[in-house]
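Here's a quick tour of a protein chain for someone meeting it for the first time. Have a look at the structure below, then read on.

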Amino acid sequence: MSSISTLNFNSSGFILTGFPGLEIDYLWISIPFTSIYAIVFLGNCLVLHVIRTEPSLHQPMFYFLAMLALTDLCMGLSTMYTVLGILWGFIQEISLDACIAQSYFIHGLSFMESSVLLAMAFDRYIAICHPLRYSSILTQDKIMKIGMAILCRSTLLIPPVIIRLKFLNYCRPHILSHSFCLHQDLIRMACSDIRFNSIYGLALVISNLLLDAVLILVSYIMILHAVLAIASQEERIKSLHTCVSHICAVSVFYIPIIGLTMVHRFGKHLSPLVHVLMGSIYILFPPLMNPIIYSIKTQQIRRRVQRLFYLKGGRDWLK
């Protein structure tokens with residue numbers, strides 16, 4: 001016990017929390033998590049491959065979808081080492097530098113996904129409310145500028161608060177709440193003045209996640225207003241159907257964030273296992289579900305995927 005206490009307070013490393021109380025079942029628990037990561041990588045790579053190789057998908061809507069798939073792919077890569085490392089028994093501790101780096105990627109990619117979802121909402125707004133000007137507004141040049149703006153917004157605003165983590169004094173037990181590193185977890189263990197991190201971090205959340213959610217909501221209010229003005233019910237349904245995939249993607253991104261926030265804010269009395277599960281859902285649910293959603297709900301993607309597997313299956317049969 002004394003050695004663990006010494007490690008918790010004096011070591012430069014941080015102990016990663018797996019699934020409290022289920023340590024003997026890690027081998028079995030690793031099977032679904034390994035499967036989830038495999039689906040995340042294969043699903044998002046498949047979406048990227050289909051968009052890259054199919055000329056008919058070289059349109060603004062699918063360029064934004066490619067950005068979303070790439071973001072989800074990177075999110076999986078950023079957490080796989082620690083999550084599966086714990087379950088497979090390879091690691092239990094992570095250094096401060098590695099923890100800060102992982103925290104940067106997790107939060108940066110989360111902000112990036114929010115920004116891409118906002119860009120996709122803008123795309124749907126232009127397609128439905130200004131269909132005749134769609135191709136002139138969303139040119140390839142403007143899409144590249146939007147992509148660069150998303151990248152800069154997600155990567156250049158975070159370093160001030162992340163870099164400061166390196167210079168904090170961590171005197172409380174070095175035990176993380178999850179199988180990966182989050183900014184809020186690190187500042188919870190610090191004894192230094194964390195007002196800058198708290199205020200700046202809150203400002204980032206408001207100016208990124210909250211603002212994006214509000215703008216997405218406003219865009220759909222305007223889309224709904226435009227759709228209701230269409231005389232034909234068939235055209236209304238057709239217009240709204242083009243938004244179904246995006247609405248699902250927004251839901252699988254924001255619902256886990258809201259759930260994790262509620263658990264952290266009001267669920268302090270809950271089992272640590274609940275916190276770990278909510279954190280895992282927050283990290284893995286969007287990258288897992290987005291390729292499935294777009295492969296099922298988007299006709300162009302679904303047909304191209306079916307054709308891809310049909311051709312491969314036919315070649316294998318011929319062999």
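Predicted model: local features only at pLDDT ≥ 70, side-chain atom pairs only at ≥ 80, totals over all residues.

Residues are numbered from 1 along each chain as its sequence is written, and side-chain values use heavy atoms, leaving out hydrogens and water.

**The whole chain**

The protein chain has 13 helices and 2 strands (DSSP runs numbered from the N terminus: H or I of at least four residues for helices, E of at least two for strands). Its C-alpha atoms fill a box of roughly 70 × 55 × 35 Å along the principal axes. A compact globule of 319 residues would have a radius of gyration near 20 Å, so the chain's 22 Å agrees (taken over C-alpha atoms; the rule is 2.2 Å times the number of residues to the power 0.38). Buried residues make up 45% of the 319, where buried means under 20% relative accessible area with a 1.4 Å probe, protein chains only.

A pocket here is an open set of points on a 1 Å grid over the protein atoms alone, where a 1.4 Å probe fits, with protein on both sides within 12 Å along at least five of seven lines; lining residues have an atom within 4 Å of a point. Volume is the space filled by probe spheres set on the points, which are joined across faces, edges and corners.

| Pocket | Volume | Top contributor to lining |
|---|---|---|
| Largest | about 1200 Å³ | α9, 10 residues |

The lining of the largest pocket divides into 19 nonpolar, 11 polar and 3 charged residues. Ala, Val, Leu, Ile, Met, Phe, Trp, Tyr, Cys and Pro count as nonpolar, Asp, Glu, Lys and Arg as charged, and the others, Gly among them, as polar. Of the 21 residues lining the second largest pocket, Met67, Leu70, Met112, Gly147 and Leu151 lie nearest its centre.

**A look at serine 30**

Serine 30 sits in helix α2, residues 26–53. Is serine 30 buried or exposed? Its relative accessibility is 4%, so serine 30 counts as buried. A polar atom of its side chain lies 2.5 Å from the backbone oxygen of leucine 27.

Note on methods: Buried < 20%, exposed > 50% of the residue type's maximum accessible area, 1.4 Å probe, protein only. Polar contact = N/O pair within 3.5 Å; in protein donor to acceptor, adjacent residues only side chain to side chain.
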